[in-house]
Amino acid sequence: MLSDTIVAPASPLIPSPIHIIRLSGSKVLEILYKLTQKDFSSKEPRKSYLVRIYGENGEELDEGLVVFFKAPHSYTGEDMAEIFIHGNPILTDYIVKLCISYGARYAKEGEFTKRAFLNGKITLEKSEAINSLIRASTLEGVRRSFRVLKGEFEKLMSELREEILDVVSQVEASIDFPEDVDYELTYEEIMGRVSQLYQKIYGIISEWKKTKTLIYGAKCVIVGKPNVGKSMLFNSIIGYSRAIVSPIPGTTRDFIDSDIDIGGAIVKIVDTAGVRKSYDPIEKEGIERTLQIVDSADILICVFDSSEKEPQQDDEEILKIIKAEQDKKVIIAINKIDIGDADFWINLLRKKIEEISEKNIDQNQISIIPVSAKEKIGIDAIKEEILKFFFQGASYSEGVSVITSRQKAIAEEILQNVLTAKNFMMQSDYLGTAYSLRNAIKKIDEMLGKESSQEIIDRIFSTFCIGK
Ligand SMILES: Nc1nc2c(ncn2[C@@H]2O[C@H](COP(=O)(O)OP(=O)(O)OP(=O)(O)O)[C@@H](O)[C@H]2O)c(=O)[nH]1
Ligand SMILES: [Mg+2]
């Protein structure tokens, strides 16, 4: 296939033992010849060769390995090469630019995988699986992505498609040959099969919330009124002194975040500006930002100061947030227990939260942990609670789940169509049943990328990294 040739580094440009540069397109052989003074058309493809890499004036720059893949037996389906050189960012950048001067252009995000998809080497949901496998925040997220990549999801979808098609043909036969009782399934049999379809599709959606966390990670936001020790707690959790701590209330004005690994899960921890009634315009803006980021959080750590005699008006603001965010995991951190009365605050907050919360406090959605950010007491207990959010109930490890919000949205449409088919069937409306089931088939084709618009395809690949 004739196409322009793309080039990009496939590894991050930081000093490292090896960098990989990828090339794909019709000029790969020509560019390789200029770079290595070797003719790869006469060499056996898909084998690695040790070569010298030459600069623009013919100077020897480095030594590395080159693997040439001849179309169509490559990742993209085109002529492709992977060049392994010593991992100096300046060297890698120079060689990429050299490839561009020899006729390649810089690849866009995900363009290698996009070409693989457009050349029929890979289905759309498998392309997404490559992206989610690279980005997964946990090993379980990697496993779930790989199950889709190795074709389990496609197999399930294809089986569903066949099954729906079979039911549709039986339903349509009932319309065309209503007297031919031998040919058609009974009403009960069709109903039974439609119900089974519903269960199977429901199965791949039901784990989405868990899968989403395991792949895309979680955002854990620390909130509380000023001076309760949020920034000190943030520093204790991430393990170094990143946020400014001071006895002056209103120290943190903007939020700061840090990605950390807690027991094999990547979590974004966010420190925020203290929430209180304020007339200072900068502080007000900071509080506004806190409230916005609370909205996007998966986990909230709500901090209270146990060195105070009793709750203040501003603590009530935090209780209001807890009441409003009942769908989130909430960790109540009772801070400064090195100088405060932990028991008094535990009992008090337990009562307050049971008053405002519809959920039972012991059902793991809300937990109360006494801590001292200063003395590093209770930090491990907070981390354990965060881990529970990731792994509790992650029992579906053998099954296949949707792994992107696109897949989830389409699976829901399939489910809806099957449900509509069932309702039509209950009214003995065979035409409506067949119509809805055919819509479900169209949606399955969209899921696997057989019927996707250019816009959707572009959107999917734009979330990839360069060089993938
Ligand atoms: N004794 C004790 N003091 C603490 C503890 N945690 C924080 N402090 C102190 O409380 C004060 C406020 O701490 P910060 O972490 O800046 O509080 P903050 O909640 O981030 O405050 P704002 O950014 O103003 O909203 C500082 O003087 C800290 O040294 C703790 O566990 N024990
Ligand atoms: Mg602070």
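The model is a predicted one, in which local features need pLDDT of at least 70 and side-chain atom pairs count only at pLDDT 80 or more, while totals for chains, interfaces and linings use all residues. Residues are numbered from 1 along each chain as its sequence is written, chains are lettered from A and ligands numbered from 1 in the order in which they are written, and side-chain values use heavy atoms, with hydrogens and water left out.

**Stop 1: the domains**

Begin by colouring domain 1 (6–114), domain 2 (128–207 + 406–448) and domain 3 (217–391); these bounds come from an automatic or database domain assignment.

**Stop 2**

Helices (H or I, at least four residues) and strands (E, at least two) are DSSP runs numbered from the N terminus, and two strands pair if DSSP finds at least two bridges between them.

Now show strand 1 (residues 6–9) and strand 2 (residues 16–24), which run antiparallel and are joined by 4 bridges; they form a hairpin with 6 residues between them, and isoleucine 6 has serine 24 in strand 2 as its bridge partner. Moving on to strand 5 (residues 80–87), you will find 8 bridges joining it to strand 2 in the antiparallel sense, with isoleucine 85 as the bridge partner of histidine 19. Strand 5 also pairs antiparallel with strand 4 (residues 60–69), over 5 bridges, and here phenylalanine 68 stands opposite alanine 81.

Contact here means heavy atoms within 4.5 Å; axes are lines fitted to C-alpha atoms, for helices over the stretch in contact, and angles run from 0 to 180 degrees between N-to-C directions.

**Stop 3**

Select lysine 126 and glutamate 154, whose side chains meet in a salt bridge (3.1 Å, N to O). The pair links distant parts of the chain, with lysine 126 in helix 4 (residues 124–135) and glutamate 154 in helix 6 (residues 152–176), 28 residues apart. The structure holds 38 salt bridges, each defined as a side-chain nitrogen of Lys or Arg within 4 Å of a carboxyl oxygen of Asp or Glu.

**Stop 4**

Select the 6 strands that form an open, mixed sheet in the order 8-9-7-10-11-12. Strand 8 (256–262) and strand 12 (366–370) are at the edges, each with a single partner strand, so one side of each is left without a neighbour in the sheet. The twist averages 25° from one strand to the next. Strand 8 pairs with strand 9 (residues 265–271) in the antiparallel sense over 7 bridges, where serine 258 has isoleucine 269 as its bridge partner. Helix 9 (residues 230–238) lies across strands 7, 8, 9, 10 and 11, running at about 160° to strand 9.

**Stop 5: between domain 2 and domain 3**

Finally, display domain 2 and domain 3, whose C-alpha centres lie 43 Å apart; their contact takes 4 residues from domain 2 and 6 residues from domain 3.
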